[in-house]
Amino acid sequence: MAIDMETLRQAKAGDASAQYWLAEDYYFGFADGAPNYREAFKWYKKSAEQGYDLSQAYLGDMYYNGLGTEENTDEAVKWYKKAAEQPHCDYGCLRYGICLMEGIGCEKDKAKAFQYLSKAVRSEPDAILPLAECYMCGYGTRPDPKKGAEYYEKAIEARIPGSWGAYGYCYKNGLGVKRDMGKAFSIYKAGADAGDLDAMYHLGICYQLGHGTAIDNAEAAKWYKLPADKGIAGAQCNLGTLYEEGLGVRKNIKTAVKWYKKAADQGDGIAYYHLAWLYLRGTGVPQDQELGLMLLHVAANAGVQQAADQLAQLAEITGRTDL
């Protein structure tokens with residue numbers, strides 16, 4: 001497709017709306033037959049500087065993702081904020097709200113994030129999940145688990161990744177809803193069947209521990225595999241335990257170590273704990289007492305109580321005060 005000459009004429013004449021539409025043409029490849037992010041950035045910026053709200057929000061995206069310019073989260077947040085302060089820019093509210101929730105390019109302020117996400121949810125489904133977290137935890141509002149659960153259900157209706165896991169967790173723990181392990185299992189299963197990685201991970205836990213269904217370690221291993229491959233640390237660690245113990249899969253310590261190390265590389269304390277014992281005992285790896293103790297300390301510092309307890313017991317047994 002070629003550039004609409006009238007849009008180009010108006011954009012060059014300084015019309016902010018025309019500049020926005022010209023930027024869109026370049027961004028989506030309608031102008032040159034392929035995306036031209038440098039031109040898109042140029043025209044979004046001209047339009048944004050005149051106060052056009054969507055251009056401000058999308059200019060923030062260009063800075064955030066390093067498209068047509070160098071990546072710059074500070075500039076991204078600056079433009080998201082400008083867009084969010086406009087009366088009707090729900091997308092700007094979404095992006096600025098998420099930055100505030102996560103502390104991206106700005107100081108983390110979850111209470112303030114709630115204000116912007118509450119506006120964004122008018123038309124932006126991606127605001128539903130973080131808004132549910134605000135209600136669950138009381139960020140910027142009084143804690144309201146029931147409303148949080150309702151938002152998680154809305155997120156499922158919008159098929160937002162991660163929503164099945166969060167909603168199932170509500171039923172598993174009785175947060176805002178009546179505790180029902182069978183219902184939690186059904187929600188996880190529906191999400192897993194829809195391809196949601198988080199739901200697959202939680203479904204694996206259900207099969208491994210018998211939550212809402214019979215224990216079936218082979219099914220657990222099956223559902224852990226894809227999220228583990230995609231980098232979900234909990235799935236990697238749990239898959240490691242199945243291989244270490246030969247539950248649902250053929251016992252293979254080397255494979256267990258591989259998965260524990262992948263999870264540990266992401267800071268998973270339980271994975272460090274399992275690795276520690278393998279090194280202390282020399283199971284599947286060369287025995288290394290000092291490395292094992294170091295890994296126990298890492299696990300304990302990550303909040304794994306079993307690791308702290310084991311260190312205390314070892315200190316008592318050996319009489320060493322330097323453990």
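Me: Does Cys 137 count as buried, partly exposed or exposed, and at what relative accessibility?
Reply: The model is predicted. Buried means under 20% relative accessible area and exposed means over 50%, with partly exposed in between. Cys 137 has 42% relative accessibility, so this residue counts as partly exposed.

Me: How far from Cys 137 is the nearest cysteine sulfur?
Reply: A disulfide needs two cysteine sulfur atoms within 2.5 Å. Cys 137 is in no disulfide, and its nearest cysteine sulfur belongs to Cys 134, at 8.0 Å.

Me: How many disulfides does the structure hold, and how far from Cys 99 is the nearest cysteine sulfur?
Reply: The structure holds 0 disulfides. Cys 99 is accordingly in none, and the sulfur of Cys 106, the nearest one, is away from it by 5.6 Å.

Me: What relative accessibility makes Cys 99 count as buried?
Reply: The cut-off for buried is under 20%. Cys 99 counts as buried because its relative accessibility is 1%.

Me: Which helices do the buried residues of α16 pack against?
Reply: In α16, 10 of the 13 residues are buried, so the helix is mostly covered. Among them are Tyr 273, His 274 and Trp 277. The buried residues pack against α14, α15, α17 and α18.

Me: Which residue caps the N-terminal end of α16?
Reply: A side-chain oxygen lies 3.1 Å from the backbone nitrogen of Ile 270. The residue that supplies this oxygen is Asp 268.

How values were computed:
Residues are numbered from 1 along each chain as its sequence is written. This is a predicted model: local features need pLDDT of at least 70, side-chain atom pairs count only at pLDDT 80 or more; totals for chains, interfaces and linings use all residues. Side-chain values use heavy atoms; hydrogens and water are left out. Buried means under 20% relative accessible area, exposed over 50%, partly exposed in between (1.4 Å probe, protein chains only). Helices (H or I, at least four residues) and strands (E, at least two) are DSSP runs, numbered from the N terminus. Contact means heavy atoms within 4.5 Å. A polar contact is a pair of N or O atoms within 3.5 Å; within protein, one must be able to donate a hydrogen and the other to accept it, and residues adjacent in sequence count only if both atoms are side-chain atoms.
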